[in-house]
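Please have a look at the model first.

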Amino acid sequence: MVLTPEGGSMKYLAVALAATALSGWQVSANEPLAALGRPINIDIARGGDSVTFPMTSPDATDRAGDFTLSGWVWPKDASAGDSSLVAVADQGTVQFALNLVKGRPTVIAGATRIAADATMPVGRWTHLAVRNNADGMVLYVNGRSAGRTRRLDGLAARGAMTVAPRRSGDQAFAGRMADLRLDRSAVPVASIASEAGRVPDADLVGFTTNSPTWPVQKKQQIGQETPQSADTLPKSGAPFSAPIAKPIPDLPVLASGADGRWTVNGWRLVATPDVRDPGAVLSRAGYDVSGWRVATVPGTVLTTLVDRGVYPDPAYGLNNMAIPEKLSRQAYWYRTQFRVPAGEAATNTFLTFKGINYAAEIWVNGRLVGDLKGAFVRGRFDISKVAPAGTVAAVAVKILPPPHPGIAQEESLKAGAGENGGMLVLDGPTFVAAEGWDWIPSIRDRNIGIWQPVLIEQVSAARIGDPQIVTTLPKSDNSVADVEIRVPVENLTDQPVETVVRASFDDVAVSRSVRLAPRQKIVVSFMPAEFPPLSVRNPKLWWPNGYGKPNLHDLRIETSIAGRRSDEHTTRFGIRQVTYDMSLMDDAGELRRVGIDLSRARSLGQHVVDGTHEGIRKVKGGWAASLAPGAITSPAVTRIDGEGELAPHLVIRVNGVRIAARGGNIGMDDFMKRIERDRLEPFFRLHRDGNMNIIRNWVGQNTEDVFFDLADEYGLMVLNDFWESTQDYNQQVDDVPLFMDNAQDVVARYRNHPSIVAWIGRNEGVPQPSLNVALQSLIEKEDGTRLYMGSSNNVNLAGSGPYDWREPETYFTEHAKGFAVELGTPSFPTLESWKRAIPKEDLWPISDAWAYHDWHQDRGGSVKTYMDAMRVRFGEPTSLEDFSGKAQLLQYDSYRAIFEGFNAVALENQQRTHAVDDAAGLAFQRMEHLQFGLRHAGLILRGPEGFRAGPRADEPAGSQNRGGQQHTRAAGRAEGSRADDQSRGPDRRGSLGSA
């Protein structure tokens, strides 16, 4: 930036851009020290940020009349010929600046300036000094006077010096500065000449930078360190509810399914302290389990205990406190018994667990057949020898709790929200929120149990693994889709086999014969170049909600040997391609706005985005990942002219159309992992009907089949997190290999879902370097078509929050900065929902039961500003009914402002860049979706059920308008037509929709 006089005074608009200005991150390589008298050595990347150093003096009233600014400058290239090197300011007003103007060193002070006669050479060191005393202000170049002007009055005692100032639209300096210092005295001229004779040796200088890399974790908390004081525990005017047992479902022990698979039912449950026999005995046929409880599977231990009437519904009032913490500190046995089917392909029988938490030993007919660890990895166990087809299989599963369950936190008006998680984060991959968060109290069993279905799978010799379907759109009009199918096939025998692998969808069918050596695993590929039918003409595309229909296709894969079926697998996929617009640092330190086509990069075998700690760089306005070395020339990278800033951060394109992403976070679908489709589908439908098109799977707490199936069907894009949370606050996972085992299985299992548009390594921070690198490599290898982002905020995204009530106009002026992944305001549910959540004794005035259900008085989602605004705008609430009515009005204003603010910024970006399909305004609300979560509930405020406001446990699902969080409709819909035949989507101009 070149500073020029304006009306006799100069205002430097960006002086306050300090190196630590972003969300409290401390940048160790760039922490601002007091500028006075301290030498500064700095390497300046053009894409980096300005660096501001405070000027301090022991006497706050002191104003130094004499001063000297001196140092060495090394311009990287001639493009820095018009740029600002240093600006010295007092309360935002620049006192003087040292610039390059057409390559010439120039001092600007008020309406006067000093300019050297010669231009500064590129790629060489030049010594510059500005000396001010009673004789005037003099500019020195390489120790010689280059010009003089009148004396500057002096430097403020509490001013600031900014190195390499940045401002939108202006050229930025790139190069180095060495021994840059500001002294509160007029250094002797001889000393300046002497300094100019000592040229720096760059190899011996330790340079800081204006674009540091992402820092590693420095601190963490462990949650409740001791049980909280009794006087802070929540209190209620009502007793705990009586437990109510549910009817025991009448299910077959083996429920027949497709593809040679059966669902295993008939489970019983007992706590290990209540049974003495070991697994070898418990898993014998005929073992007496009549004293065990009928288990709810899928579900958690707590699900069973509530369903069987042992404990009351924990989502009502303070009932959760009637349930002991010991549930998370002891192991449990599950057991069932069935006759193994004797199908025609019954050469091999596998017992498959789609998800347990936290660890398990699997026993069958007296034999330990394997173990399993982590909540999100499948376990497949060959039981062919211990339970041959046609015989009885007795299965006993020992569920082990996580080793670090933490101490329960009980939210109350006095205790507040407590910490967000604690020790349980060490044990990821698991349900880390179950220890307690600011939107959910401690779940007593920490969600342990068999929480996903259990299957029997039978195949003969050639077994199918997890297929991968990659769809790309090679033509700009989307008239052709290339479908690539990759099928892992394994020979389960000790003999070579020849198998035919066949894949079919719609009216397309392809097949090929392959020969497998004994126990060999191969990947059979079907590519459009070899199989022309896989170039689908006029394809029915998958579109996000509001942009077209979310068309889905059923892919059937089968292997056969000598004409007989060996294995079959059916999966759904959508034909669509996701690309991204984002700002990335290049090899030269320039911030480039580029389009990224990762599917193209995958086909070329190229790595184009560097999201490692070293690749993430501090830039003006935040942080950005980098282009991999040489990637700027890749065909998978397209430069976007006219957009050189970090904002609008990430822009997602689906099928070439920029999407105005609007949606919310789901913290946990259900606090007892009751994940039946009919229970979860209403929340996805409400999300769609509210004109939303994206959901974030917050910290991966909803990683299950039905979640992604519903997102696919309702046209809801998914940002999918893994299982680590907040850097410099939460713990880091203790077992990286375990984490990666679970992550690898999740990617292979869910990569064909068109709804998933990005993988995120950590909530609010980047995973530790070893984990972050491993995740990036995994996504590139096992997926290759989607973006991996280490952090859910700040890196190519806006920061998180705010979550408390703010004046509506601030959503236009302060918070609409681009893609914001968490943003919201306190949200009170409907009166009917609240009355089903809270006993009548605790309904009014605001009580501990409110706090237990997330109406917090402190911290991130504090309701203080909300309550203050209600009093000012509508008056003091006099009853629950009065409060509820005023709350709805207040929330209407807030959420309307959030959407309209982002839409306004998007429109402004359209006008600025002339990009009529701009989707820069990306309001992404935060909604916890839990039955105990109310305050920053976003747009589908009721959402899928964690701790809910209703119904009671004895009410049938769907019998009432259940929920502690209401659904708030956003007015209007994105204008892309939803006509049934609109397979190619909206006009390329896209739409921002209305709010």
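## Ground rules

This is a predicted model, so to speak plainly: local features need pLDDT of at least 70, side-chain atom pairs count only at pLDDT 80 or more, and totals for chains, interfaces and linings use all residues. Residues are numbered from 1 along each chain as its sequence is written, and side-chain values use heavy atoms, leaving out hydrogens and water.

Helices (H or I, at least four residues) and strands (E, at least two) are DSSP runs, numbered from the N terminus. Buried stands for under 20% relative accessible area, with a 1.4 Å probe and protein chains only.

## Helix α1

Helix α1 spans residues 189–196, and its buried residues are Ile192, Glu195 and Ala196. They sit on the same side of α1, because they cover an arc of only 100 degrees around the axis; the arc is that of the directions from the helix axis to the C-beta atoms.

The cover over these buried residues includes β4 (67–75), β9 (126–133) and β10 (136–141), where contact means heavy atoms within 4.5 Å.

Strand β20 (residues 332–339) has six of its eight residues buried, so the rest of the structure largely encloses it. Pairing requires at least two bridges found by DSSP between two strands.

Strand β18 (residues 268–271) runs antiparallel to β20, joined by four bridges, with valine 270 opposite tryptophan 333 of β20. Strand β25 (residues 392–400) is also antiparallel to β20, through eight bridges; here arginine 335 stands opposite alanine 396 of β25.

## Cavities

A cavity is a set of points on a 1 Å grid over the protein atoms alone where a 1.4 Å probe fits but cannot get out, and lining residues have an atom within 4 Å of a point. Points are joined across faces, edges and corners, and a volume is the space filled by probe spheres set on them. The count is five cavities of 30 Å³ or more. The largest has a volume of about 140 Å³ and 15 lining residues, with Ile469, Val470, Arg576, Arg751 and Arg786 nearest its centre. Strand β28 (residues 468–472) gives the most to this lining, four residues.

The second largest cavity has a volume of about 90 Å³. Its lining residues include Met582, Val609, Leu787 and Asn796, and strand β49 (residues 787–791) supplies the largest share, four residues.

Terms used:
Buried means under 20% relative accessible area, exposed over 50%, partly exposed in between (1.4 Å probe, protein chains only). On a 1 Å grid over the protein atoms alone, a cavity is a set of points where a 1.4 Å probe fits but cannot get out, and a pocket is an open set with protein on both sides within 12 Å along at least five of seven lines; lining residues have an atom within 4 Å of a point.
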